[in-house]
Each structure stands twice: as C-alpha cells, then as structure tokens.
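Subject: Handover of a structure, with notes

Dear colleague,

Please find the structure below for your records. My notes on it follow.

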Amino acid sequence: MKANFTEEINLLLRKHQRRAKDWKFNRAITVLHKWAKRMIANFHLGIGIPALMIERLGRKLGRFTCGRNPFGLRDEIAIDEGALYELPLYMVIVTVLHELVHSWQEHHGMKPRSKNPHYHNAEFRQKARSLGLLVGVWGHTQCTPGNTPLLNLFKKYGFKVPEIPEPKPFPQRQRRLKFKGGIGKDGRKKDKGVQAVQVGES
Ligand SMILES: [Zn+2]
C-alpha cells in the first residue's frame, strides 16, 4: 500500500466544503479538516485526506466507512452533527482522530474480523493508545492525560484544552447520555452536561 495517498476527489471535496460559505457546517468542517491534516502529518499516519461529512449519527459520535462509500470515495469519515453542538471542540477532534485510526488500520494494519466488539481490536486500541486515546472494545473513547502525542499537538498549535482527567473504566455498553443543557439565544445548545458525554462511542 502506498504510504501517503489522497485521491483527487477528496482534495476537491475539501476545497468545495471550505468554499461553501452558505453551508452551516462550513466553518466547522474547515476546522476539522485543519486538525485532520495536522494529525495525519504529525502522527505519520500515512493515510489520505478524508472525505469528511457531518450528519446525525444517533448514538455514535463518528463513523469510518471501510473501502469505498456509495459515491466511490475512499476514507469517508462522518462526524455526528450533535457532537458539534454538545461536545467541546477537543473532543470532536478526538473523534476525528479515532476515525483516522480506523483509516490507518484499513491501509496499514490488520482488517478487523467483524463489527463490534472485534472492530476495535487490540491493534486498533494499541495504535490509538500510542497517540493518546484510550479506546474500549465498543469504541468508547477517552483522551488520556500526560505527555501524549495528541496533547503535545494541541500545545504545538496553541490550542488550549481543559485538564484531562484520569481515564475511567469503560462501561459495558453505554447509551449516549441525554444532553441536559438548554438552547441558548444564538440557537446553539448550551454546554451544560458536556462532561456527561465525554465517553462517546464511535
Ligand atoms: Zn471506532
């Protein structure tokens, strides 16, 4: 497998998304693309620029599509729309990294045997851990504190994150907790209850 490939359509899609100023996710996707690019380069993942999309995913915070999607695009990563409203930005970036690790595994690792719980297999979890993410077999993901590549990357780019707590034990299978905040004047959900969804499945 080539070490670093991006099909042209993914680059064009990213350009299109950045230019689509009338799209409500224009700014969000531009930020996520910026971090995806930084993570791919700094962590030497050797994977292509993802075809990023934002949609309602229900219980999941993110999704990686193995192989080609229905448009024939590779490296499709979907991020949950609700996560953009409910989670602090660093946790959305954590979700993007989780999905990038799926992409890394598809291109460089062992194909998972099947869907959960084998999907987040030992190789996946080990790779995620080496970058600063603790992932459970069901895909629950926590950022780990300390001197990790991810937290160092945040520091490198001057992106401040709250103090990361020590990881908690993973639930057997946790439903995504209900959002408890209200809707603010700007139409965005207030961020009460953010802590409650910091262990998300993806
Ligand atoms: Zn996953």
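How many contacts beyond four places in sequence does the model have for residues 191-198, over which pLDDT stays under 50? There are 16 such contacts, where pLDDT is the predictor's confidence in each residue, from 0 to 100, and two residues are in contact if their C-beta atoms, placed from the backbone, lie within 7 Å. Residues 177-184 also keep a pLDDT under 50, and the model has 17 contacts beyond four places in sequence for them.

As to the basis of these notes, the model is predicted: local features need pLDDT of at least 70, side-chain atom pairs count only at pLDDT 80 or more, and totals for chains, interfaces and linings use all residues. Residues are numbered from 1 along each chain as its sequence is written.

Overall picture

The average pLDDT of the protein chain is 86, and 80% of the residues score at least 70. The protein chain contains six helices and six strands; these are DSSP runs numbered from the N terminus, with helices being H or I of at least four residues and strands E of at least two. Their order from the N terminus is α-α-β-β-β-α-α-α-β-β-α-β. The protein chain has 202 residues, of which 32% count as buried. A residue is buried if 20 or more other C-beta atoms lie within 10 Å of its own, exposed if 12 or fewer, and partly exposed in between, with C-beta atoms placed from the backbone. Among contacts with a separation of 6 or more, 57% come from residues 24 or more positions apart.

Helix α1

Helix α1 covers residues 8-19. Its 12 residues reach 17 Å from the first C-alpha to the last, close to the 16 Å expected at 1.5 Å a residue; the expected span is 1.5 Å times one less than the number of residues. Leu13, Arg14 and Gln17 are buried in α1. Seen down the axis of α1, these buried residues fall within an arc of 100 degrees, so they line one face of the helix; the arc is that of the directions from the helix axis to the C-beta atoms. They pack against α2 and β1. The face turned away from the buried side of α1 carries exposed residues, including Leu11, Leu12 and Lys15.

The three-stranded sheet

An open sheet of three strands has the order β1-β3-β2, with mixed pairing; two strands pair if DSSP finds at least two bridges between them. Its edge strands are β1 (51-55) and β2 (62-68), each of which pairs on one side only. Neighbouring strands of this sheet are turned by 20 degrees against each other on average, direction ignored. Five bridges join β2 and β3 (residues 74-80) in the antiparallel sense, and Arg68 stands opposite Arg74 in β3. Helix α2 lies across β1 and β3 and runs at about 140 degrees to β1. Axes are lines fitted to C-alpha atoms, for helices over the stretch in contact, and angles run from 0 to 180 degrees between N-to-C directions.

Two residues with positive phi

Most residues other than glycine have a negative phi. His44, in the loop between α2 and β1, has a positive phi near 50 degrees. His44 is exposed, with 11 other C-beta atoms within 10 Å. Asp75 is found in strand β3 and has a positive phi of about 55 degrees. Asp75 is buried, with 27 other C-beta atoms within 10 Å.

Strands β4 (residues 133-135) and β5 pair in the antiparallel sense over three bridges, and Leu134 stands opposite Gln142 in β5. Four residues lie between the strands of this hairpin, in which Gly139 takes a positive phi near 95 degrees. From β5 (residues 140-143), His140 and Gln142 point one way and Thr141 and Cys143 the other way, and all are buried.

In helix α6 (residues 149-156), Leu150, Leu153 and Phe154 are buried. Seen down the axis of α6, its buried residues fall within an arc of 100 degrees, so they line one face of the helix. On the other side of α6, Asn152, Lys155 and Lys156 are exposed. The cover over the buried residues of α6 includes α2 (26-42), α4 (89-108), α5 (122-131), β4 and β5. Gly158 follows α6 and has a positive phi, near 65 degrees.

Yours sincerely
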